[in-house]
Amino acid sequence: MNLRGGWALIRRLWMSYTSSRAFFWILALGHLVGPLIYMFAWITAAGQGLVSGYSRDEFIVYYLILIFIQEFTYPVSNWTVGDFIRMGMFSSWLLRPLHPIYEAIGTDLALKVVNLPFTGLVVILLGLILKPEVSFQLQDVLLFIPALILGYMLRFLLAYALALMAFWSSRADALLRLNDTLLFLFSGMVAPIMLLPDGLRQIAMILPYRYMLGFPIQVLTGALSPTELLAGFTGQIVWLLVAFLFHQIVWKNGLRHYSAVGG
Amino acid sequence: MEYQIQVQSLTKFYRVPERDPGLKEALKSLARRRYREVHAVEDVSFSVQSGEMVGFIGPNGAGKTTTLKMLSGLLYPTSGEAWVNGFIPWERRAPFLKTIAMVMGNRNSLTWENTVLDSFQVLGEIYNVPRREFQQTLDDLVDLLELKEHLGKMARNLSLGERMKCEVAAALLHRPRVIFMDEPTLGLDVTMQIRLRSFIAEYNRRNAATIILTSHYMADVVTLCPRVILIQKGKLLFDGELRRLASLMAPFKLVRMDLGEGEGQVVEAALSDFSTDVVVLEHIGQHIVLRVHRDRTSAVTSRLLNQLPLVDITIEDPPIEAVIDQVYREGIDT
């Protein structure tokens, strides 16, 4: 593991991203528009009453946390990894004594440093305007941190492995789109998982997407019993291992297919 | 004899999808895709000694870049073996990657939004170059390539030539022992080409680096590489001294003629009388260049002088470009 090189790469990407903040803030704005629309749709539906046990305030809190997690876990670099492979620019990364995944991790982390303060500010402002009644337990906040990090790792690794399918297909970004659509449906973004119809909810509980967004929100809002928490963290770790194995297989076989076009 | 690069029966075949033109064929290919096997490199073997500079030449699509990509670990071969610095390149082990560099005309190792020096320092860290050694190498490269004024600039603000110089420096910061240069002077103006050539020669002299260079500019090859490896359609055609290639291929002279105005038809008639060992290489307006077998030169020129109203005639050895062009078009018989 070339940690010194990896850290230097992350620093380099930070430096370059801070010089074009405005672009990335617009990107962050794009990430939060969807969840905002769902939030307003659900609080309108709830009115002063309840929708399947969720009140207006609970919807607000749910979606404000989701906006933050969405920004924290969104693996934006994976869209460019596929392009780099297709155009042959991936060669530059392969020639260095540093695993190319560092480039994607570095890009992601650099983006988060630039974007998260912006998203955080928007979430706080929305909280102040909408004034939901909310309180968090310290224990839930502490459990939320590993749930969030595992959620990010799972989302990143799955998307990265899918992006590497560009070694075989020049249109692997279609897989990333499918991945995003499944995430939209089954992660708790379009609606909290508990509000999904029975069949969909059962699928959502099996697929990895809930562990990327919905589960960390449930952890922070204290909505889960100790047994559900244990099952959730186990689910995150199992899916992370599956994503890691998938990545290893795609990586090793993909390199043999790489045609390094152009440069 | 110490070989730094050894290549044995290296072969790379690609499978590429293909279809006939038209919408109907495009729709058909959705259901059933047809593939064609491209033999990019076929059974190529050679060795390069430590500190040697070799020109790797061939026409477009000959397999030069594919070979270099296999030797730098970017591509897996279909079959064959290769060792570079004792490593199998496509295993891409970190100790191997630290000893090589690949300089490509279109390579982009500088970050556009960062200063050149920032990019250099990051590369120094990635290659784990000790700080003192990094500074010394950087000073050398800045001196040799005259980079001082560019270090503080954002990469996006550099001109093509400036960027290429910086890309070359970026590739050499870890002092690689083997350097693959793929069209390093591509798109550069004449001054920059000359400067880069003299830099490569000086770098080789100072560091005893082994260099394999591909270029379509024969001046790069003539200036830098006593030895050339010529490849065409994936197969090795020639491996040896450039001078030997020229003498093998040039039992010919070039006859350059300038005619008086309006003599076109006379020329056509005169040239059609010659046998096949006189080849018209160029015929632009009143200027004609012929390739004539060395033994027939005096007979042909005296006949030309008798038959044509010449303003000027010169006889010369063909330039290396013409020799190479002939090899590309007609092959070689060693």
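Let me start with a term: a residue is called buried when its relative accessible area is under 20%, exposed when it is over 50%, and partly exposed in between, with a 1.4 Å probe and protein chains only. By that rule Glu146(B), at 44% relative accessibility, counts as partly exposed.

The model I am showing is predicted, so local features need pLDDT of at least 70 and side-chain atom pairs count only at pLDDT 80 or more, whereas totals for chains, interfaces and linings use all residues. Residues are numbered from 1 along each chain as its sequence is written, chains are lettered from A and ligands numbered from 1 in the order in which they are written, and side-chain values use heavy atoms, with hydrogens and water left out.

I will begin with chain B as a whole. Its secondary structure comes to 12 helices and 13 strands, where helices (H or I, at least four residues) and strands (E, at least two) are DSSP runs numbered from the N terminus. The C-alpha atoms of chain B fill a box of roughly 75 × 55 × 50 Å along the principal axes, and 50% of the 334 residues of chain B count as buried. If we take contact to mean heavy atoms within 4.5 Å, then among the contacts in chain B between residues at least 6 apart in sequence, 73% join residues at least 24 apart.

Staying with chain B, let me return to Glu146(B), which lies in the loop between α5 (131–145) and α6 (160–172), and whose phi is near 55°, a positive value in a residue other than glycine. Asn85(B) also has phi near 55°, again positive and again in a residue other than glycine; Asn85(B) sits in the loop between β4 (79–84) and α3 of chain B, and is buried, with a relative accessible area of 13%.

Now to the interface. How many residues of chain B are in contact with chain A? There are 30 of them, and they meet 26 residues of chain A. Chain B and chain A bury about 2,600 Å² between them, 57% of it on carbon and sulfur atoms, buried area being the accessible area (1.4 Å probe) that two parts lose on being put together, summed over both. On the chain B side, Leu74(B), Tyr76(B) and Ile126(B) lose the most area to chain A, together 24% of what that side buries.

Turning to elements, β1 (3–18), α3 (94–97), β5 (100–104) and α4 (116–126) of chain B each supply at least two residues of the side that touches chain A, and α4(B) gives the most, with 6 residues.

A search of the whole structure does find 14 salt bridges over all chains. One of them joins Arg96(A) to Glu103(A), with the closest N and O atoms 2.5 Å apart, and both Arg96(A) and Glu103(A) are buried. In chain B, the side chains of Arg131(B) and Glu125(B) meet in a salt bridge at 2.8 Å, N to O; here Arg131(B) is exposed, with a relative accessible area of 60%, whereas Glu125(B) is buried, at 11%. Another salt bridge pairs Arg205(B) with Glu202(B) at 2.7 Å, N to O, and these two residues both lie in helix α7 (residues 190–207) of chain B, 3 residues apart, about one turn of the helix. Elsewhere, salt bridges that share partners join Glu52(B), Arg227(B) and Asp239(B) into one network.

Which side chain of opposite charge is nearest to Arg155(A)? It is Asp180(A), 4.7 Å away, and Arg155(A) is buried yet has no salt bridge, where Lys and Arg count as positive, Asp and Glu as negative, and His and the chain ends are not counted. Arg155(A) is placed in helix α7 (residues 138–163) of chain A, and, not counting residues up to four places away in sequence, touches several others, including Gln70(A), Tyr74(A) and Met212(A).

The other residue, Val76(A), is found in the loop between α3 (56–73) and α4 (77–87) of chain A, and is buried, with a relative accessible area of 17%. Leaving out residues up to four places away in sequence, Val76(A) touches Leu27(A), Asp108(A) and Leu111(A).

Methods: Salt bridge = Lys/Arg side-chain N within 4 Å of Asp/Glu carboxyl O.
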